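This briefing goes through one structure by topic, from a single aromatic side chain to the overall fold. Please keep the sequence and the 3D view open while reading.

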Amino acid sequence: MGESSNRSAYGDPEARRRQTLDAAAALLDEGGYTALTIRSVAKRAGISVGLIYQYFVDKHDLFITLLNESQVESRSFVAALPRDQGVAALLAQIMPEAARQWGRVGRFAATWRDIEGEERARRESIHEVRRTAKEYNDTFHAALREAAAAEGQALRRDPAVLPFVLSTVQGVSDTIVHRWAPELDPAELIEFTSVSLSRTITVPAGAPEHGE
């Protein structure tokens, strides 16, 4: 980062905070959660260690802020999407953004949970992450219902539907980010998954489901 950028952020607390978060995200991308230290973030951001502690308690606080930010952005993205083209089209729009957010922060969450352990659960900030995760899930679920209704369908009345969709989207995101299927164009994977998910989780509106 250039000297002029550092000078412009020096007198702007929000700019310094953003600069710190961007540096943390870059380090995560390069070396994972274990590469995230306050000292390395300070060096990457071009600011002092002491200055970072004015905004964040420790590296856990940095990571959880990025994770929370990712969930808020994801919720806003889904909320703004059109529903009138149906479930498959909705999913096809969600997955590229989900892959971007997974590559930026989400893929490191498991490592973070393992390293922080019980200390993580005691943090007040974890409650905020749980709240924004629930808001994202609720928004996603509502979007799926509305998209299904737009094409004369309904979501299956099964509590496994949303977890199934979320885990599938996460799996596709991980495949894209880590290039687990290099022979396959990500757009083709997204299209196939979107259509397959739509067929699996919807039924004609008003039709009885299995067991009814």
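**Aromatic pairs, a pocket and the fold**

Phe140 counts as buried, since its relative accessibility is 0%. The model in which this value was computed is a predicted one. In the protein as a whole, which has 212 residues, 41% count as buried, and the architecture comprises 11 helices and 2 strands.

**Aromatic pairs**

- The count of aromatic pairs comes to 2, and in one of them the ring centres of Tyr33 and Phe63 lie 5.2 Å apart with their planes at 80°, an angle over 60 degrees, so this pair is classed as edge-to-face.
- Because Tyr33 belongs to the loop between helix H2 (13-31) and helix H3 (38-45) while Phe63 belongs to helix H5, this pair ties together parts that are 30 residues apart in sequence.
- Both partners, Tyr33 and Phe63, are buried.
- Tyr136 and Phe140 also form an edge-to-face aromatic pair, with 5.8 Å from centre to centre and 70° between the planes.
- Tyr136 and Phe140 are 4 residues apart in helix H9, so about one helical turn separates them.
- Tyr136 has a relative accessible area of 15%, and because this is under 20%, the residue is classed as buried, as is Phe140 at 0%.

- The ring of Tyr33 has the charged end of Lys59 sitting over it, at 4.3 Å from the ring centre.
- Lys59 is also among the residues that Ile38 touches, and the others are Val49, Ile52, Tyr53, Asp58 and Leu62, when residues up to four places away in sequence are not counted.
- Ile38 itself is part of helix H3 and, with a relative accessibility of 9%, counts as buried.
- Between Ile38 and Ala24, which are 14 residues apart in sequence, the C-alpha to C-alpha separation in space is 8.7 Å.

**The largest pocket**

- The largest pocket holds about 730 Å³ of space, and its lining is made up of 25 residues, with Leu67, Gln71, Trp102, Gly106 and Gln170 lying nearest the centre.
- Two or more residues of this lining are given by each of helix H5 (59-79), helix H6 (87-104), helix H7 (109-116), helix H9 (125-150) and helix H10 (161-178).
- Helix H9 contributes the largest share of the lining, namely 6 residues.
- Sorted by class, the lining of the largest pocket consists of 12 nonpolar, 9 polar and 4 charged residues.

**Ser70 in helix H5**

- Ser70 has its place in helix H5, and its relative accessible area of 7% makes it a buried residue.
- Once its neighbours within four places in sequence are left aside, Ser70 is in contact with Gln101 and Arg104.

**Overall architecture**

- Read from the N terminus on, the order of the elements is α-α-α-α-α-α-α-α-α-β-α-α-β.
- When contacts between residues at least 6 apart in sequence are considered, 73% of them join residues at least 24 apart.

How values were computed
Residues are numbered from 1 along each chain as its sequence is written. Side-chain values use heavy atoms; hydrogens and water are left out. On a 1 Å grid over the protein atoms alone, a cavity is a set of points where a 1.4 Å probe fits but cannot get out, and a pocket is an open set with protein on both sides within 12 Å along at least five of seven lines; lining residues have an atom within 4 Å of a point. Grid points are joined across faces, edges and corners, and a volume is the space filled by probe spheres set on the points. Ala, Val, Leu, Ile, Met, Phe, Trp, Tyr, Cys and Pro count as nonpolar, Asp, Glu, Lys and Arg as charged, and the others, Gly among them, as polar. Rings of Phe, Tyr and Trp (its six-membered ring) pair if their centres lie within 6.5 Å; planes under 30 degrees apart count as stacked, over 60 as edge-to-face and the rest as tilted. Buried means under 20% relative accessible area, exposed over 50%, partly exposed in between (1.4 Å probe, protein chains only). A charge sits over a ring if NZ of Lys or CZ of Arg is within 6 Å of the ring centre and within 35 degrees of the ring normal. Contact means heavy atoms within 4.5 Å.
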